[in-house]
Amino acid sequence: MTPHQVAHLFGEIVEADDIAVDDNFFDVGGNSVLALQLIAGLTERSGLSLRLIDVVREPTPEGLARTLADRAGARNAGQP
């Protein structure tokens, strides 16, 4: 997923327009319950699993897109 696709999902979940790729999920209205919805949406769209700690560590669309890309690369390389 691209950072812009993740930003769009952020916006849907926190009901906000114009989410930038460097916006912090928690600063734009996200909380732990909404983060679980975000994780579910990202997992559904990407086919990759995330944990709540991933959102805490990388709370921006750019950071989460990078985390997903890393997971995809590891999966393609045969790593768990």
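**View 1. The largest nonpolar core of the predicted model.** Among the 19 residues in this core, those touching the most other members are F10, F25, L38, L42, V55 and L64. At least two core residues come from each of helix 1, helix 2 (32–46) and helix 4. Helix 1 supplies the largest share, 6 residues. In soluble globular proteins, nonpolar side chains tend to be buried together.

**View 2. Surroundings of L64, a residue of the largest nonpolar core.** Apart from neighbours within four places in sequence, L64 contacts V6, F10, L38, L42, D54, V55 and E58. Among these partners, F10, L38, L42 and V55 are listed with L64 as the core residues that touch the most other members. L64 also belongs to the part of helix 4 that meets helix 1.

**View 3. Packing of helix 1 (residues 3–14) against helix 4 (residues 61–76).** The axes of the two helices lie 8 Å apart, at an angle of about 120°. The crossing of helix 1 with helix 4 is right-handed. On the helix 1 side the contact involves P3, V6, A7 and F10, and on the helix 4 side P61, E62, L64 and A65. Of the residues in this contact, 7 are nonpolar, 1 is charged and none is polar.

**View 4. Packing of helix 1 against helix 2.** Here the axes are 10 Å apart and the packing angle is about 140°. Helix 1 and helix 2 are therefore oblique to each other. Their crossing is right-handed. Helix 1 contributes V6, L9, F10, E12, I13 and V14 to the contact, while helix 2 contributes L34, Q37, L38, G41, L42 and R45. The contact residues comprise 8 nonpolar, 2 polar and 2 charged. V6 and F10 take part in this contact and also in the contact of helix 1 with helix 4.

**View 5. T60 in the loop between helix 3 (52–57) and helix 4.** T60 has a relative accessibility of 17% and therefore counts as buried, the cut-off being under 20%. Leaving out residues up to four places away in sequence, T60 touches F10, V21, D22, D23 and N24. One of these, D22, is 38 residues from T60 in sequence, yet the C-alpha atoms of the two are 5.3 Å apart. F10, another of the residues touched by T60, is in helix 1.

Technical notes. Residues are numbered from 1 along each chain as its sequence is written. This is a predicted model: local features need pLDDT of at least 70, side-chain atom pairs count only at pLDDT 80 or more; totals for chains, interfaces and linings use all residues. Side-chain values use heavy atoms; hydrogens and water are left out. Axes are lines fitted to C-alpha atoms, for helices over the stretch in contact, and angles run from 0 to 180 degrees between N-to-C directions. Helices (H or I, at least four residues) and strands (E, at least two) are DSSP runs, numbered from the N terminus. A crossing is left-handed if the near helix is turned anticlockwise from the far one by less than a right angle, and right-handed if clockwise. Contact means heavy atoms within 4.5 Å. Ala, Val, Leu, Ile, Met, Phe, Trp, Tyr, Cys and Pro count as nonpolar, Asp, Glu, Lys and Arg as charged, and the others, Gly among them, as polar. A nonpolar core is a set of buried Ala, Val, Leu, Ile, Met, Phe, Trp, Tyr and Cys residues joined through side-chain atoms within 4.5 Å. Buried means under 20% relative accessible area, exposed over 50%, partly exposed in between (1.4 Å probe, protein chains only). Angles under 35 degrees count as roughly parallel, over 145 as roughly antiparallel, 65 to 115 as roughly perpendicular and the rest as oblique.
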